[in-house]
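This briefing is meant to be read beside the sequence and the coordinates. Please keep both in view while going through the points that follow.

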Amino acid sequence: MAAGVALVSGCGSLGGSQDGAHYNVVARETFGSANTYSRLFDASPERTCEAARRALLSQGYLINVSKDKEVEGQKTFQPAPDNNQVITIRVVCAPDSKDGKVSLGFVSALKDTYNLKKSSNSASVGVGALGSLSLPFSAGNDSLIKVGSETVSSATFYDSFFDLIKSFLRQDDSLRQQSLHDGEEFVE
């Protein structure tokens, strides 16, 4: 009985302290087969990452990295006058078949939160010819301070992004088919 109580109380402490100030995120992290952060695409890794790049651009993301099998985009939001949020989306595309016609796209989004911190500085100036005259000057400095960073875990967010990638791949396939019917050579 005592061992059971010790086991239950030990498991209860994995979530954090009683005041909720400290969390054990490792205890909450699980590795499973859920497809929140990845999807299969009927395209090469290069075509998949190009579609991801176009998807990010279509939503106003600034592209920081654009390689054959990796894309990173960033977008800034200001939900309140003293709050800024930056979302960075990273996409990595890997082959998932021997012929290279199927790829696995991995996506993770990181949200950084910044708050405006106001501070004021004051200084005095002494004028030697007039004696010891001091005049106060004040100036204010506003700066953004990073207050949080978290991985976006919303399945709906990722589902909509993967759907947009698929939409760009379908447009690409349609252009390929049209150029083949017109007798043109489609160059990637």
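**Salt bridges and the fold around them**

In this predicted model, Asp112 is buried, with a relative accessible area of 9%, a value that falls under the 20% cut-off for burial. The side chain of Asp112 meets that of Lys146 in a salt bridge, with 3.6 Å from N to O. Because Asp112 lies in strand 5 and Lys146 in strand 6 (residues 133-151), the pair ties together parts that are 34 residues apart in sequence. Lys146, for its part, counts as partly exposed at 46% relative accessibility.

**Other salt bridges**

- The count of salt bridges comes to six, and one of them joins the side chains of Asp159 and Arg39 at 2.3 Å, N to O.
- This pair links distant parts of the chain, since Asp159 belongs to helix 4 and Arg39 to strand 1 (residues 38-41), 120 residues apart.
- Arg39 is buried, with a relative accessible area of 19%, whereas Asp159 counts as partly exposed at 33% relative accessibility.
- Arg53 forms a salt bridge with Glu50, where the closest N and O atoms are 2.7 Å apart, and because the two are three residues apart in helix 3, about one helical turn separates them.

**Overall architecture**

- The chain contains four helices and six strands, which follow the pattern α-α-β-α-β-β-β-β-β-α along the sequence.
- Strand 3 (residues 70-80) and strand 4 (residues 83-95) pair in the antiparallel sense over nine bridges, forming a hairpin with two residues between them, and Ala80 stands opposite Asn83 in strand 4.
- Among contacts with a separation of 6 or more, 54% are between residues 24 or more positions apart.

**Nonpolar core**

- The largest nonpolar core has 22 residues, and those with the most contacts inside it are Ile89, Val91, Val107, Phe161 and Ile165.
- Helix 3 (45-58), strand 4, strand 5 (103-127) and helix 4 (155-181) each supply at least two residues of this core, with the largest share, six residues, coming from helix 4.
- Leaving aside residues up to four places away in sequence, Phe161 touches Ala52, Ala55, Leu56, Ile89, Val91 and Val107.

**Surface**

- Buried residues make up 23% of the 188 residues, and the chain exposes about 12,800 Å², of which carbon and sulfur atoms supply 54%.
- Tyr23, Val25 and Val26 form a nonpolar surface patch with about 340 Å² of accessible area together.
- Val25, found in helix 2 (residues 25-28), counts as partly exposed at 48% relative accessibility.

Note on methods:
Residues are numbered from 1 along each chain as its sequence is written. This is a predicted model: local features need pLDDT of at least 70, side-chain atom pairs count only at pLDDT 80 or more; totals for chains, interfaces and linings use all residues. Side-chain values use heavy atoms; hydrogens and water are left out. Two strands pair if DSSP finds at least two bridges between them. Buried means under 20% relative accessible area, exposed over 50%, partly exposed in between (1.4 Å probe, protein chains only). Contact means heavy atoms within 4.5 Å. Accessible areas come from the Shrake-Rupley method with a 1.4 Å probe; for residues, only the protein chains shown count as cover. Patches are made of residues with over 30% relative accessible area and no salt bridge: like charges are joined within 9 Å, nonpolar side chains (Val, Leu, Ile, Met, Phe, Trp, Tyr) within 5 Å. A salt bridge is a side-chain nitrogen of Lys or Arg within 4 Å of a carboxyl oxygen of Asp or Glu. A nonpolar core is a set of buried Ala, Val, Leu, Ile, Met, Phe, Trp, Tyr and Cys residues joined through side-chain atoms within 4.5 Å.
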